[in-house]
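Biologist: Let us work through this model together, one question at a time.

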Amino acid sequence: MSDQVVLTLRAPLEHRLEADAIVPDRFPALGARAIAGLPVWYGGRPATVGDLFTVTGERSERVLMHGDLTWAVGLGTGMVGGELVIEGAAGRDAGLAMAGGVIEIRGTAGDNAGGAAPGASRGMTGGEIVIRGNAGADTGARMRRGLIAVTGDAGQGTGRGMIAGTVVLFGAAGAGTGRWIKRGSIVSFGAVARPASFRYACTYRPPHIRLLLRYLATRYGLPVTDSQVAGRYHRYSGDLAELGKGEILEWAGA
Amino acid sequence: MQIDGVTIADTFAEAFTMRAARVVITGKNARWARQAATTMTGFATSVIGCKCEAGIERELSERETLDGRPGVSVLLLTMDKDSLPQRLIERLGQTVLTCPTTACFDGLPDAPDRLPVGKALRVFGDGFQASKVIGGRRYWRIPVMEGEFLVAETFGMQKGVGGGNFLILAEDADSALAAAEAAVDAMRHHPGVILPFPGGIARSGTKVGSKRYSTMIATTNDAFSPTLRAITESELPDGVNGVLEIVLDGLDVPSIEAAMRAGIRAACRRGVRVISAGNYGGKLGPHHFPLRRIMGAAAPA
């Protein structure tokens, strides 16, 4: 057993890599050889993790990945625990339908991070995803529970169809952010393109934001300022075309 | 045994096992955190008439609270584990939820016994409440006219100790009060301990039951009442004309002992003749605090 399993990309990816076998909570039962033998699809052909990555360490639920994984799809799909740290960009569907654990992406994330599989009613149902960069479209789409924090901008449809949970955006958010959400919170420090079906409620200092932002600063070292922690937020309720119990909290300054 | 001319009686305080919760109340500033804590711990001197005992443990700085605001730590104890959640729901619902700017957190997050206090209070939100899981713990956001009240979903419960005490036997009431005030000042803010009586001091110590009224479960401690010296089996030495009692509740025995040691030491001053303690012959309470052993532990080697 080691402190962590390190997967280092042998060569830059040139094709789509279906990487949904890389799920940290399964690794404590696997030795280095078994990890290297995990099946993936690369460029539409069957391959193994060992074909594409060097594997260091074994039997740990903390997994560290090095390399540009923009082409890697579905990292941490369905994970229920453990920690996946990606030192670089990640492709679409990271944390797809995850239920627990932590994914930290130290680069940009592709579309549908923490989202739902095609046709599924729910995206992530627990756990935390921290994206230190920009996120693609549909981040947190249909999420049921859990926390996503994006230090950069997020694409269109962020939080689309959320059932509950929290998305924190340090940058701007694209069109359709929060559309069709039932419950849940989208907290934004940048500009948000709100759907017309959200209605302004009030400007106040939400007590849970203090807790949430202090947690993000302490746990992940995110660049939270005092004026964000103690600041005022415009509250927009929505989506009124749905249940209407969701909210977009837009930072309004100290 | 004597400390600064004050006799430490060869007796012990007898205390009971209770169930305890620690509530951390924060506010926009110390004034409002303190206000909520003071209101919450009002009318909570004794389980005999108040159903619970509660007090302020200490004030907390911004660095010590989850939301980074000034706070106050409160301990609340009951005799049984079934009534603790009910007392918390009543008191948090009526005194903290109602108090401007406050939020309410669990001060015993590692206690395995969990009480669904916030989970019960959430229904005040009439369906408009919402929950948030932050750092693995669930909180309820209850909409109120000011904005939102934030409360932890569950609070930890652990065994506590209630009824630690000592008696200050003084030459007169003024000397007893001055000594008791000094004791309270020395004990206040000891971690894990509260002094539930007014200002930390009780003047109306009790004995179990009654000599005259069968329905009374506690009546005046006539053996320590100076005005009854001539007509009852008094335990007061000559020259004692005023007695006050300090009652302590806490999370564990070592905390109570440490506070008693500090309090008794401070109470040993001019005008005080004897430090004694209340007990029931050792037959009722499982926790015994022998005064001389406690104070001996404080003596220099």
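Biologist: What does A:Pro28 count as: buried, exposed or partly exposed?

Modeller: This is a predicted model, in which local features need pLDDT of at least 70 and side-chain atom pairs count only at pLDDT 80 or more, while totals for chains, interfaces and linings use all residues. Residues are numbered from 1 along each chain as its sequence is written, with chains lettered from A and ligands numbered from 1 in the order in which they are written. A residue is buried with 20 or more other C-beta atoms within 10 Å of its own, exposed with 12 or fewer, and partly exposed in between, the C-beta atoms being placed from the backbone. A:Pro28 has 15 C-beta neighbours inside 10 Å and therefore counts as partly exposed.

Biologist: Which residues does A:Pro28 touch, not counting those up to four places away in sequence?

Modeller: A:Pro28 lies in the loop between strand S2 (17-18) and helix H1 (32-36) of chain A; helices (H or I, at least four residues) and strands (E, at least two) are DSSP runs numbered from the N terminus. Contact requires C-beta atoms, placed from the backbone, within 7 Å. On that basis, A:Pro28 touches A:Arg59, A:Ser60 and A:Glu61.

Biologist: Which strands of chain A are the edges of the open sheet of 12 strands?

Modeller: The order is S5-S1-S6-S8-S9-S10-S11-S12-S13-S16-S15-S14, with mixed pairing, where two strands pair if DSSP finds at least two bridges between them. Each edge strand pairs on one side only, and the two are S5 (53-56) and S14 (199-204) of chain A.

Biologist: In S5(A), which residue is the bridge partner of A:Val6?

Modeller: Strand S1 (residues 5-9) of chain A pairs with S5(A) in the antiparallel sense over four bridges. Within S5(A), the partner of A:Val6 is A:Thr56.

Biologist: Which strand supplies the largest share of the side of chain B that touches chain A?

Modeller: Contacts join 14 residues of chain B to 16 residues of chain A. Strands S8 (130-134), S9 (137-144) and S10 (147-152) of chain B each supply at least two residues of that side of chain B. The largest share, four residues, comes from S8(B).

Biologist: What span does helix H6 (residues 253-267) of chain B reach from its first C-alpha to its last?

Modeller: H6(B) has 15 residues, and the expected span of a helix is 1.5 Å times one less than its number of residues. Buried residues of H6(B) include B:Ile256, B:Met260 and B:Ile264. The expected span is 21 Å, and the helix comes close to this value, reaching 21 Å.

Methods. Two residues are in contact if their C-beta atoms, placed from the backbone, lie within 7 Å.
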